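Hi everyone, thanks for coming.

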Amino acid sequence: VAILSIKSYIILNFWKKEGYSKEATPDYRLLLEPRSLMMFQDTLYTDYFHGIEERSHDFVSHKSLDQSEDRDAVVSNLSYLNEKTLARGEQVGDDLTRLTRKTRVSLTLRKV
C-alpha cells in the first residue's frame, strides 16, 4: 500500500487483527505529514487493520511510548518527523501538541 498525503497531516492507526475490537487502543499510530509518502507491505498489511479516526484535531506527545503517560497521544514515528510539524500546533502542557486537522487530500494505491 502506498499513501500520498497531500494537503493536511493525518494520524494513521494500526490495530492487530487478532483480538481486534473497535474500542481497542491502536498498536501503532503514525503521523503522516503533508506532502509525504508512506508505504507498507507484508505483515503490516496482512496482519493489521489500518484507519483514520474521524476527529477535528489530534494530540501528539513529544515522548516515546515508554516515557509518556498518555498512550493515545504517542506516535511511533516521532523521531522521523520534521520539527516544523509539531511547531505548527498548539502546545498543551510540557510534552503535548494539539494539531488541528484541515481538509485532507490523499491518494492511496493498493495491489490486490
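Predicted model: local features only at pLDDT ≥ 70, side-chain atom pairs only at ≥ 80, totals over all residues.

Is Lys102 buried or exposed? Lys102 counts as exposed, because its relative accessible area is 64% and the cut-off for exposed is over 50%.

Now to charges that pair up. Side chains of opposite charge can pair when their charged atoms come close. How many salt bridges does a search of the whole structure find? The search finds 4.

One of them joins the side chains of Glu53 and Arg55, at 2.8 Å from N to O. Arg55 also meets Asp58 in a salt bridge, here at 3.3 Å. Glu53 is partly exposed at 30%, and Arg55 is partly exposed at 37%, whereas Asp58 is buried at 1%. Then there is Arg98 with Glu90, where the closest N and O atoms are 3.8 Å apart. Through shared partners, salt bridges link Glu53, Arg55, Asp58 and Arg101 into one network.

Last, let's go to Leu31, which sits in strand S3 (residues 28-32). Leu31 is buried, with a relative accessible area of 2%. Leaving aside residues up to four places away in sequence, Leu31 touches several others, including Tyr9, Ile11, Val60, Val75 and Leu99. And how far is Leu31 from Leu44? They are 13 residues apart along the chain, and their C-alpha atoms are separated by 16 Å.

Definitions and conventions:
Residues numbered from 1 in each chain as written. Heavy atoms only, no water. Buried < 20%, exposed > 50% of the residue type's maximum accessible area, 1.4 Å probe, protein only. Helix = DSSP H or I, 4+ residues; strand = E, 2+ residues; numbered from the N terminus. Contact = heavy atoms within 4.5 Å.
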